[in-house]
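Visitor: Hello! Could you walk me through this model, one question at a time?

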Amino acid sequence: MRHFVLAAFLAAGPLSACALSRPVENGIAGQWMLFQMNGADAPAFLTLDSSDLARFAGQGPCNRWSAAQTAVLPALNLGAITATEIGCADLAAETALFAALAGMTRAEVQPDGTLLLMAPDGRRLRFTRLLAD
C-alpha cells in the first residue's frame with residue numbers, strides 16, 4: 001500500500017507543476033458578443049474570441065480584428081489591434097470600439113455569466129457568451 005501512495009504522490013507532482021505554469025482563464029476562454037459599453041447599449045456589433053488566451057480576435061461591424069494578449073489573466077494587456085480594411089457605415093463606431101477595447105486592463109466573468117472588461121478610468125465593456133453550434 002505504501003508504494004501505491006508514493007507512486008500516486010510522485011505522479012501528481014508533474015501534473016501540479018504543469019497546472020501552475022498555465023495561465024488562469026477563469027472561464028474567460030470562449031466566444032463573446034458585446035452588449036453594453038459604459039452602462040449603455042453597445043453602439044455597434046463587436047465579437048471577442050478569447051479561445052486562444054494569448055491572442056484575442058473578433059468581428060466588428062466592418063472588419064475582423066485581432067490583438068496579442070500578453071498579461072496573465074485576469075489582467076489584460078492587448079497589443080496593437082490589427083484589422084482588415086473594409087469600409088462601412090459603422091466605421092466610426094468600430095474605431096471607437098477598438099479604441100475602448102485597447103484600453104481595457106482587466107477581464108472577469110461575472111456571477112451572471114457575462115464577461116466584463118474594465119479600464120483603470122472606470123470604462124467598462126460587457127459581453128455575453130455566444131453559444132456553440
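Visitor: How much accessible surface does the protein have, and what percentage of it belongs to carbon and sulfur atoms?
Guide: Happy to start there, and please keep in mind that this is a predicted model. The accessible surface of the protein comes to about 7900 Å². Of that area, the part belonging to carbon and sulfur atoms is 62%.

Visitor: What percentage of the residues in the protein is buried?
Guide: A residue counts as buried when its relative accessible area is under 20%. The protein has 133 residues, and the buried share of them is 31%.

Visitor: In what pattern do the helices and strands follow along the sequence?
Guide: The secondary structure consists of two helices and nine strands.

Visitor: Among contacts between residues at least 6 apart in sequence, what percentage joins residues at least 24 apart?
Guide: A contact here means heavy atoms within 4.5 Å. Among the contacts between residues at least 6 apart in sequence, the share joining residues at least 24 apart is 40%.

Visitor: Which residues does a cis peptide bond join?
Guide: Look at the loop between strand S5 (64-68) and strand S6 (82-83), where Pro74 lies. The cis peptide bond there has an omega of about 20°. The two residues it joins are Leu73 and Pro74.

Visitor: Is Asn38 buried, exposed or partly exposed?
Guide: You will find Asn38 in the loop between strand S1 (31-37) and strand S2 (40-41). Asn38 has a positive phi of about 55°, although it is not a glycine. Its relative accessible area is 43%, so Asn38 is partly exposed.

How values were computed:
Residues numbered from 1 in each chain as written. Predicted model: local features only at pLDDT ≥ 70, side-chain atom pairs only at ≥ 80, totals over all residues. Heavy atoms only, no water. Helix = DSSP H or I, 4+ residues; strand = E, 2+ residues; numbered from the N terminus. Buried < 20%, exposed > 50% of the residue type's maximum accessible area, 1.4 Å probe, protein only. Areas by Shrake-Rupley, 256 points an atom, 1.4 Å probe, with all protein chains shown as cover.
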